[in-house]
Amino acid sequence: MIRISDKPTKRVEHFAGTITMALPGCENTNWNFTVLRSTNGSTTFAVEADYDQIHEHIKDTGDAAYFATLLEATVKANLAKEQAEWKPADK
C-alpha cells in the first residue's frame, strides 16, 4: 500500500505583475511577468517573464532572451529589497 500525506509540504502561488522598463528601439515600456512565491518553511521567489509578449516586440531571439533574463533579475532584485507593491487584482 502507498500512503501519501494529505498536507502539502510546499505551496506555490502565482502572481501576475507588470514592470515599466524602457528598451532602446522598442516602443513598448510595460512588460508582463509572473511571480512564483514558494512556501516551504521559508518563502522564496522565482520570476517568469512573459516570453510571448517579449518576442512580439523583440524579433531577435538572442536579444529577446537577454532582455527576459534582465527583466527577471530586475524583478527579483526589487522583491529582495521589498520594493514591490502588492495590490489585489481588479475584479
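What radius of gyration does the protein chain have, and what would a compact globule of 91 residues have? From there, please go to the sheet and look closely at strand S2 (residues 30-39).

Modeller: This is a predicted model. The protein chain has a radius of gyration of 16 Å, whereas a compact globule of 91 residues would have one near 12 Å. Along the principal axes, its C-alpha atoms fill a box of roughly 60 × 30 × 30 Å. Of the 91 residues, 24% count as buried. Among contacts between residues at least 6 apart in sequence, 41% join residues at least 24 apart.

The protein chain holds two helices and three strands, and from the N terminus on the elements run β-β-β-α-α. The three strands make an open sheet in the order S1-S2-S3, with antiparallel pairing. Strand S1 (11-20) and strand S3 (43-49) are at the edges; each has a single partner strand, so one side of each lacks a neighbour in the sheet. From one strand to the next, the twist averages 25°.

S2 is therefore the strand with a partner on either hand, given the order S1-S2-S3. Its antiparallel pairing with S1 runs over 10 bridges, and its antiparallel pairing with S3 over seven bridges. Strands of a sheet pair through backbone hydrogen bonds, in either a parallel or an antiparallel sense. Arg37 shows both pairings of S2: Glu13 stands opposite Arg37, and in S3 the bridge partner of Arg37 is Phe45.

Next comes Ser38, which is also found in S2. Ser38 counts as buried because its relative accessibility is 12%, and buried means under 20%. Leaving out residues up to four places away in sequence, Ser38 touches Lys10, Arg11, Val12, Thr43 and Thr44. Beyond the end of S2, the hairpin of S2 and S3 has three residues between the strands, and there Gly41 takes a positive phi near 85°.

With its neighbours within four places in sequence left aside, Trp31 is in contact with Gly17, Thr18, Ile19, Met21, Cys26, Gln53, Ile54, His57, Ile58, Phe67 and Leu71. One of these, Gln53, lies in helix H1 (residues 51-57). Gln53 has a relative accessible area of 11% and is therefore buried. The side chain of Gln53 reaches the backbone nitrogen of Asn32 at 2.8 Å. Apart from residues up to four places away in sequence, Gln53 touches Asn28, Asn30, Trp31 and Asn32.

Trp31 also belongs to the largest nonpolar core, which has 16 residues. The members that touch the most other members are Ile19, Trp31, Phe33, Ile54, Phe67, Leu71 and Val75. S2, S3 and H2 are the elements that give two or more residues to this core, and H2 gives the most, with six residues. In soluble globular proteins, nonpolar side chains tend to be buried together.

Note on methods:
Residues numbered from 1 in each chain as written. Predicted model: local features only at pLDDT ≥ 70, side-chain atom pairs only at ≥ 80, totals over all residues. Heavy atoms only, no water. Helix = DSSP H or I, 4+ residues; strand = E, 2+ residues; numbered from the N terminus. Buried < 20%, exposed > 50% of the residue type's maximum accessible area, 1.4 Å probe, protein only. Contact = heavy atoms within 4.5 Å. Pairing = 2+ DSSP bridges. Axes fitted to C-alpha atoms, helices over the stretch in contact; angles between N-to-C directions. Core = buried A, V, L, I, M, F, W, Y, C linked by side-chain atoms within 4.5 Å. Polar contact = N/O pair within 3.5 Å; in protein donor to acceptor, adjacent residues only side chain to side chain. Rg over C-alpha atoms; globule rule 2.2 N^0.38 Å.
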